[in-house]
Amino acid sequence: MMYLVASLFSAIGWGIIPLIDRYSSRYVNGLTLASTRGLTFGLCAVIVFLVLLYRKQNNLEEGYSKRGKLLIFLIIISPMIGFLVGHLGYYYALNSARSSIVQIVLISHCLPLIIVCLLSPIIYKDKINWQVILGIILTLIGVSLTVIYNPNREPSSSKHLN
């Protein structure tokens, strides 16, 4: 049950961040914003890492003894993908689309759910049932409708052609 509370806190945080970042992106470009946030994340991560070491709760050595170099590779590559692909793309989109952040947040936060739903059966042998498939279809329809019919959407460039 604790995971639900933690998930709700996470959702609140992820819901507030785009609003703050849209304001910030008015004054700095997306790459500056993403890199500054990356540095802040890194500082927070170093502090948490050191606290775990001090409290003797850091089990990186134990994990390494079980999975070796593969674990270290995955621990390093995951945030690189997240930052270089996820964060830089997200902040570039946030900075370049001034009219509405709804579309950006929907695409960048809902579509990863679909990617996880499609890849987790392949990687982790998770089961997919018709309800999950229906959820994926409804999510795609909902995101599409919200993006296409968003009243704050930037007009397409084809309408501006003479």
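1. Basis. The model is predicted, with local features requiring pLDDT of at least 70 and side-chain atom pairs counted only at pLDDT 80 or more, while totals for chains, interfaces and linings use all residues. Residues are numbered from 1 along each chain as its sequence is written, and side-chain values use heavy atoms, with hydrogens and water left out.

2. Largest pocket. The volume of the largest pocket is about 740 Å³. Its lining has 22 residues, and those nearest the centre are Gly82, Gly86, His87, Ser108 and Pro112. Two or more lining residues come from each of helix H1 (2-24), helix H3 (60-96) and helix H4 (102-124). H3 gives the most, ten residues. A pocket here is an open set of points on a 1 Å grid over the protein atoms alone, where a 1.4 Å probe fits, with protein on both sides within 12 Å along at least five of seven lines; lining residues have an atom within 4 Å of a point. Grid points are joined across faces, edges and corners, and the volume is the space filled by probe spheres set on the points. Helices are DSSP runs of H or I of at least four residues, numbered from the N terminus.

3. Lining by class. In the largest pocket, the lining consists of 14 nonpolar, seven polar and one charged residues. Nonpolar covers Ala, Val, Leu, Ile, Met, Phe, Trp, Tyr, Cys and Pro; charged covers Asp, Glu, Lys and Arg; the others, Gly among them, count as polar.

4. Second largest pocket. This pocket holds about 390 Å³ of space. Its lining has 14 residues, with Phe41, Gly42, Ala45, Ile75 and Pro79 closest to the centre. H2 and H3 each supply at least two lining residues, and the largest share, eight residues, is from H3. By class, the lining has ten nonpolar, four polar and no charged residues.

5. Nonpolar core. The largest nonpolar core has eight residues: Leu33, Ala34, Tyr90, Tyr91, Leu94, Ala97, Ile101 and Ile104. Buried means under 20% relative accessible area, exposed over 50%, and partly exposed in between (1.4 Å probe, protein chains only).

6. Tyr90 and Tyr91. The count of aromatic pairs is two. Tyr90 and Tyr91 form an edge-to-face pair, with 4.9 Å centre to centre and 80° between the planes. Rings of Phe, Tyr and Trp (its six-membered ring) pair if their centres lie within 6.5 Å; planes under 30 degrees apart are stacked, over 60 edge-to-face, and the rest tilted. Tyr90 is buried because its relative accessible area is 10%, and Tyr91 is buried at 1%.

7. Ala34 belongs to helix H2 and is buried, with a relative accessible area of 1%. Leaving aside neighbours within four places in sequence, Ala34 is in contact (heavy atoms within 4.5 Å) with Phe83, His87, Leu88 and Tyr91. Ala34 and Leu84 are 50 residues apart in sequence, and their C-alpha atoms are 9.5 Å apart. Leu33, with residues up to four places away again not counted, touches Asp21, Ser24, Ser25, Val28 and Tyr91.

8. Arg37. This residue also lies in helix H2 (residues 30-54). Arg37 counts as buried because its relative accessibility is 14%. Not counting residues up to four places away in sequence, Arg37 touches Ile17, Asp21 and Tyr91.

9. Positive phi values. Lys56 is not a glycine, yet has a positive phi of about 55°. Lys56 is in the loop between H2 and H3 and is exposed, with a relative accessible area of 74%. Lys125 has a positive phi near 65°. Lys125 is in the loop between H4 and helix H5 (130-148) and is exposed, with a relative accessible area of 63%.

10. Ile12. This residue is in helix H1 and is partly exposed, at 49% relative accessible area. Ile12 and Gln131 are 119 residues apart in sequence and 26 Å apart in space, C-alpha to C-alpha.

Key. A nonpolar core is a set of buried Ala, Val, Leu, Ile, Met, Phe, Trp, Tyr and Cys residues joined through side-chain atoms within 4.5 Å.
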